[in-house]
Amino acid sequence: MSENPLLAPIHGITLEDYSAACAKIGSGLSEDDVAKALGVELPVWQEANLLWPERMKQDASFEIVTLFGQYFGQADQHPKFNGLKADTSAAGNENTVRIKSDKDFYQELEVARNVAYEYGLDGAQWVADKYGITLGDFQIAASLWNEQIHQDIQADFQGYTSRQDGYKTKYQQLFTDAQGGNVADDIQF
Amino acid sequence: MTDDNKKRTASFLEKLRQKATTQQHYGGGVPEEEAKMDIRDCPNCGAGRAYHKGLTSCAYCGFAFMNITLTDGIHIRKENNS
Amino acid sequence: MFDFFKKKYSNPELLAELQSRQQRWFVFLDRLEARMEELTDAGIPELQQVFKEDTDPYKRSHYHMLLGLMGQFNNMRDKANEVKEENIISFIYSAEAALPPVTSPAGSEYYRYVHDFRMACLDRYHLFDDRLNEALEALRHAAGEQDLESAYQQELAAFEKIKDQFTCKQCGGNITIPKMFFIDTYIPCPFCQSQNTFSPSTAARMVLHNARELAEQRTAELRRAYESSRPQDPVLYKKYLRAMFDEWNRIVPDMAGENEKFYQRLLEEYTFNHYK
């Protein structure tokens, strides 16, 4: 369908392969695991890992980066990574399944993660500690829900913002309590 | 600036610093690894791998090290296909 | 009945309320600003120290501390916004709704009082907002830049030391690493031609990771010259961009081919945006 020469595989590694590999690394697979799953040795994987982002930088049409996001979201279906899971308790638990099937759950955690950063926490680590969801799975969920959320915003902007504000208030309260208040709490109008 | 305010700010900063410096970062620390050299013999026939015979399969028994076609990359080139 | 309309409208309570409300708003923002200043003054040396002591190559402790500090400033902004909406803007609407028509002499007079109140309160808010942004900017730049040049020079020296220290895993012959590699690379043994794999150190890999940033640091003056030109001068942009890519390529020559393609894209986009 596409004539974009920047989509040609790099050392036999297609953009689908590369995107899924990135998602899996984000979920805790090592470079060795990923190279093995793709059937290449490390020097070959590392060149592809360097050159695919170069292709994205060179592509003024943003086609590569768009497809990357799409394939990233389909990483769980990629045949070369079928059944491959990181050796951590976090991968593949109940919440990981839920964040990909329950949009509200994803949206709430997305807000929670961002608020965590505002309170000096590593938000990705907080989600992993609290819910056992890896960053890779979180990003897979993000790309799965992306389009639907976009539609929700168009259909009911106010409803969307008020839900987001609700989550924000909830987690601000949580993290504020945990750090013993904000520095300007005593200043009132 | 009252003493109370000073204390509030100092205690906030102390806690924030503690949190930022002691929490685990996602993906963990970056281990300081030294440069090293390694080699992979053919797992099928045990022969060493010769550069001029290409990178993808064993020059002696034909075992496929990698089931892909190399393209022109950074150091690896098309010519490196066996 | 016409007397009713002739009676002059007067609302001293509203005038008093406008005055006291404006004053409370000013005091509230003064106090937030004082707290901002206090937090900036105490926070900057802390940030600098954490940056200095952060051994993580990505400086993540510093990064999270910075975000946590900025979070408090955003919290103060949210607080001010909330008060502005509830106690200034909403108040203006309800006050205006109770006034005589703006077309009447009394209405026009009171609308002016409310308008003056609005302008004074919003101007004060914008001043607060500017100061808050300045504080955020000061925090962001507090730690200064990572000294990438020293790290790079150190790595060059380290490479000179190790490049002759490797032997072929097959025949034991000496292998000299021909140049600095930043990723795993196949290297043939000059004696037995066996395919060895060289894995660079973590520090060498970081050179590639930081190459653009180092090139930016080296050409910061050219960039500033372009950014401060009025109107922005395309010649200066091109001069900066070329110099930055030259430095980038010098740091990681293996990436020069790819970098040049990226350079072309940036150049085309700039030309397109500048002349469209």
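This is a predicted model: local features need pLDDT of at least 70, side-chain atom pairs count only at pLDDT 80 or more; totals for chains, interfaces and linings use all residues.
B:Cys58 is buried, at a relative accessible area of 5%. Residues are numbered from 1 along each chain as its sequence is written, chains are lettered from A and ligands numbered from 1 in the order in which they are written, and side-chain values use heavy atoms, with hydrogens and water left out.

The word "buried" has a cut-off: under 20% relative accessible area, while exposed is over 50% and partly exposed lies in between, with a 1.4 Å probe and protein chains only. B:Cys61, at 34% relative accessibility, therefore counts as partly exposed.

Let us stay with the cysteines. How many disulfides are there over all chains? A disulfide is a pair of cysteine sulfur atoms within 2.5 Å, and by this rule the count over all chains is zero. For B:Cys58, the nearest cysteine sulfur belongs to B:Cys45 and is 3.7 Å away. For B:Cys61, the nearest cysteine sulfur is that of B:Cys42, 3.7 Å away, and B:Cys61 is in no disulfide either.

I turn now to chain A. Its secondary structure consists of nine helices and zero strands; here helices (H or I, at least four residues) and strands (E, at least two) are DSSP runs, numbered from the N terminus. The C-alpha trace of chain A spans about 65 × 40 × 30 Å along its principal axes. Of the 189 residues in chain A, 52% are buried.

Next come the salt bridges. A salt bridge is a side-chain nitrogen of Lys or Arg within 4 Å of a carboxyl oxygen of Asp or Glu, and over all chains the count is 41. One of them links C:Glu46 and B:Arg17, at 3.0 Å from N to O. Why does this pair join two chains? C:Glu46 lies in helix 2 (residues 12-53) of chain C, and B:Arg17 lies in helix 1 (residues 3-22) of chain B, so the pair joins two chains. C:Glu46 is partly exposed at 21% relative accessibility, whereas B:Arg17 is buried at 17%.

Within chain B, the side chains of B:Lys78 and B:Asp72 form a salt bridge at 3.9 Å, N to O. B:Lys78 is partly exposed at 48%, and B:Asp72 is partly exposed at 36%.

In chain C, C:Glu38 pairs with C:Arg35, with the closest N and O atoms 3.9 Å apart. Because these two residues are three apart in helix 2 of chain C, about one helical turn separates C:Glu38 and C:Arg35. C:Glu38 is buried at 5% relative accessibility, and C:Arg35 is buried at 3%. Salt bridges with shared partners join A:Asp186, B:Arg8, C:Arg31, C:Arg35 and C:Glu38 into one network.

C:Ser108 belongs to helix 4 (residues 105-142) of chain C and is partly exposed at 31%.

Finally, I would draw attention to C:Asp78. This residue lies in helix 3 (residues 60-97) of chain C and is partly exposed, with a relative accessible area of 31%.
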